[in-house]
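Student: I would like to learn how to read a sheet, a domain contact and a chain contact from a model. Where do we begin?

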Amino acid sequence: MRYWVFSHPINPALKAIVGHHERRKFKGRVDRYAIAWLMLANLLPSLTQADVYRLSVSEKSINLIGETQQAVLADAALPAPTLHWREGEDVTLEVTNLLKESTSIHWHGIILPYQMDGVPGISFDGIEPGQTFTYRFKVKQSGTYWYHGHSGMQEQQGLFGALIIAPQQEQQTVDRDYVVMLSDWPRADPQRTMARLKKQSDYYNFQQRTVGDFFADIQRLGFWETIADRLAWGEMRMEPTDLADVTGANYRFLINGKTAEAKPHYLFKPGETVRLRFINASAMTHFDVRLPGLKMTVIAADGQPVEPVDVEEFRIAVAETYDVLVQPQTEQAYSIFAEAMDRSGYVSATLTPRADLHAELPALRPMTLLTLADMGGEHAGHSAHQAPDEPAVTAEVDHSHAERALAPDSTMVEHSGHQHATADAPPNPHAGHVMPVADASDTAKPLSYSQLIAVQPNHALMGPPDREIKLRLTGNMQRYIWSFDDTKFADAEPIRVKFGERIRFTYINETMMNHPIHIHGLWQYLDNGNGMYNPKKHVINVKPGQTVSVDVPADAEGEWAFHCHLLYHMDTGMFRKLIVEKAKHEHQ
Amino acid sequence: MSISKAWFSTMTRKYSMVVIPAKAGIQCDDWACFCTGTMTSKVSLDRHINVWFCLLLALYCSAATAHDSSMIFNHFKADRLEYEGNQDLHLFKWDVQNWTGTDENKLWLKSEGDYSADQNIFGRADLQVLYSRNIDTFWDFQIGARRAIEPERTFDAVIGFQGLAPYFIEVDSAMFINEKGNVLGRLTLGYEMLLTQRLILQPRVEVNVAAEDIKNRGVKAGITEFEAGFRLRYEIEREFAPYVGMDYVEEESLREHQHSLRGVVGVRVWY
């Protein structure tokens, strides 16, 4: 028994004629019919009405790595079917649990009543085996989002899919519209991975510094500099190679559920404008995304339109989404190349004019080590290579940590080119950068957060916030415990704010890991120095040792999850309940 | 592998509150003499130790249940399972640990010993049962009891610290206090050097000390045993690594002084 996903809410008759097959076959992209429907819907907005979408969550055996594994899937698909909603639509989603354990679906980045948010223990009780939960809410936004399980490790086991919401008024006309959903598929059972990390946190790191590297560094940097570097890291009991807790040693990386070997491809005709909707549905992996030979224009971040910015590369943190336009002009195949941030693996797809034409893969670049400057603060004295002080967080949130770079006189912090993933890898293009400049016309650099400028201003962002909350992002890599303010979720009180307040959260990352911070149900306006044009995001990636501020208008009552979106960080304690309390009549 | 929290707390509570006292036959006077710290000939040492164990488990259970949402893991690690020898000496040695618990509270078992195949005797064999409390980012405080089976049956109270010192030095330290008030100490330091990502050289130093002479056991005050060596292991899997190595051992007692160089072959396993 399977449920079809009725993916567009125009007219049941239309669906009956053309709907299902096309959608099943081309899941992951908007097919031509959908575009036709969109145009129709634009003409006849009054036809937009409530529709029912059904999903069933079940276990299924799949073989992605040469052995059979159990996946937890929605509608038996990896990724789950792409859902196409329409701004203003009243959606009804019936999610049936065919598992033997409780499940849930969370609509990531969607503004909705908190009871519909799908976090067991916070928004609702979860969906018990055999039960169906009905989500009902009005869609108040448009853009690229995703949905995923929020129970146990189900998200890591394949329970995720794309959400595409068509706007009332389409601003961007494109010839083709594709979803590029990145994910990390584990070899080991996720519970086992968690146990391994608790027992030996560097279990999956096979890029650690060796005795050979020590001598190579002595040759390159000199004896005392190398000793000083080792002592500084040793004193902190941290590793500069610790970019990812779970690496390619455990993961195969996927695009729309396919490995690079399966050669996923997207078709285009020269001269067409193609929108690629990148979604990072990974549990633990940040990707650096490139399309060698093509200029990418980022037009939306986390579903929200931004001023178009041309980039050659961007880093997509876990749970972020980016909409990118490309306009390939020649009859040539292009590689969509996504390297894991720690370079322990990659996934690629081909953007091609013909299905049989595949692009050559670019070489995997070497890993860029963390630097002492990344760790900042008290240890900066060891390096004196801290980034120059720049206003606000503009300098603090540059988006690829490679740019935390190195003054020319840099010595011990210059490690790029030192862990060779491929012997003939090209020199790291980041080495030698100083700081990114918020200049959209400069295409030589990866996208930086400071380049994200909202299209629509939000005047409510002006003036001081009603409340400031400083939140330290803390953790203990050795014991694999992650937390906010040194307190795990199990031991923490909820964060309480009042409805209508504007809260300024300042995240101070005291760890050596990136932490993509996600707040459910409320937007985070990233303070990247653009004032009322600060972009709003559902995930803010805070890099090692950095401080980032966001403005959060508490405009939705209820109890919300607030957490690091790295699954194993969330599960070990980097999680809070955020309560937006009902406005009371106060007599003052 | 995480164990069901509910199962764990039920079992441990049951065991500590019902089974152990019953089996140990703990009586009121045991508690009384334990609390006052007196040791009379009337009260057997066994009972004294039983009280210790009981108290430990109770402490552990109460602490563990205080953090109900924490995950419980079990970690077994045989750091050394090895043959050690030279021309004169052929020993099988073990050094295994097992902990069960949350981030903060763990029940920690440690056992060390050696067996001489030539003589068919155990040179040394002991078991420590410890409550381990995470007191700082990198450190655990451990308190409990040690039961030595060889060379003599003894009981000691144990207090120690285990953790990771700056510069990645693994530290396991313990102070043993026996029923007569004799104080013994043990300090183990280890370090790991990666020759490659899987070939790992581990220098290791262990020092055993005694605060004063213990005549009937032949223990001489000062350093009673010093062991320095290295092990070179190859991690076929993280959990399974055969190794070779060398140890220099110096032993000092009231009866003799000896030192020797030994080669080792063994395997390091954990899960």
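Tutor: We begin with a sheet, by listing its strands in spatial order. This is a predicted model, and in chain A five strands form an open sheet in the order β22-β30-β29-β24-β27, with mixed pairing.

Student: Which are the edge strands?

Tutor: Look for strands that pair on one side only; in chain A these are β22 (495-498) and β27 (539-542). From one strand to the next, the twist averages 20°.

Student: How many bridges join β24 of chain A to β27(A)?

Tutor: Strand β24 (residues 515-519) of chain A is joined to β27(A) by four bridges, and the two run antiparallel.

Student: What should I keep in mind about side chains when I follow a strand?

Tutor: In a regular strand, side chains alternate between the two faces of the sheet.

Student: Now another pair of strands. How do β9 and β10 of chain A run?

Tutor: Strand β9 (residues 176-186) of chain A runs antiparallel to β10(A), and five bridges join them. Opposite Trp185(A) stands Arg252(A), in β10(A).

Student: Is strand β10 of chain A mostly covered or mostly uncovered?

Tutor: Burial is read residue by residue, by counting C-beta atoms around each one: 20 or more others within 10 Å makes a residue buried. In β10 (residues 251-255) of chain A, four of the five residues are buried, so the strand is mostly covered by that count.

Student: Which domains does the assignment give for chain A?

Tutor: A domain may be made of separate segments, so read the bounds with care. The assignment for chain A gives domain 1 (12-170), domain 2 (206-240 + 367-451) and domain 3 (459-581).

Student: How many residues of domain 1 of chain A are in contact with domain 3 of chain A?

Tutor: Count each side separately: 13 residues of domain 1 are in contact with ten residues of domain 3, both in chain A. The domain 1 side of this contact divides into seven nonpolar, four polar and two charged residues.

Student: And how do I read the contact between the chains?

Tutor: The size of an interface is often given as the accessible area lost when the parts come together. Here we count residues: 19 from chain A and 20 from chain B. On the chain A side, α3 (190-199) and α5 (223-236) give two or more residues, and α3(A) gives the most, with four. That side divides into seven nonpolar, seven polar and five charged residues.

Student: What is the secondary structure of chain B?

Tutor: Chain B has three helices and 13 strands. Of its 271 residues, 25% count as buried.

Note on methods. Residues numbered from 1 in each chain as written. Chains lettered and ligands numbered in written order. Predicted model: local features only at pLDDT ≥ 70, side-chain atom pairs only at ≥ 80, totals over all residues. Contact = placed C-beta atoms within 7 Å. Nonpolar A, V, L, I, M, F, W, Y, C, P; charged D, E, K, R; others polar. Buried ≥ 20, exposed ≤ 12 C-beta atoms within 10 Å, placed from the backbone. Pairing = 2+ DSSP bridges. Axes fitted to C-alpha atoms, helices over the stretch in contact; angles between N-to-C directions.
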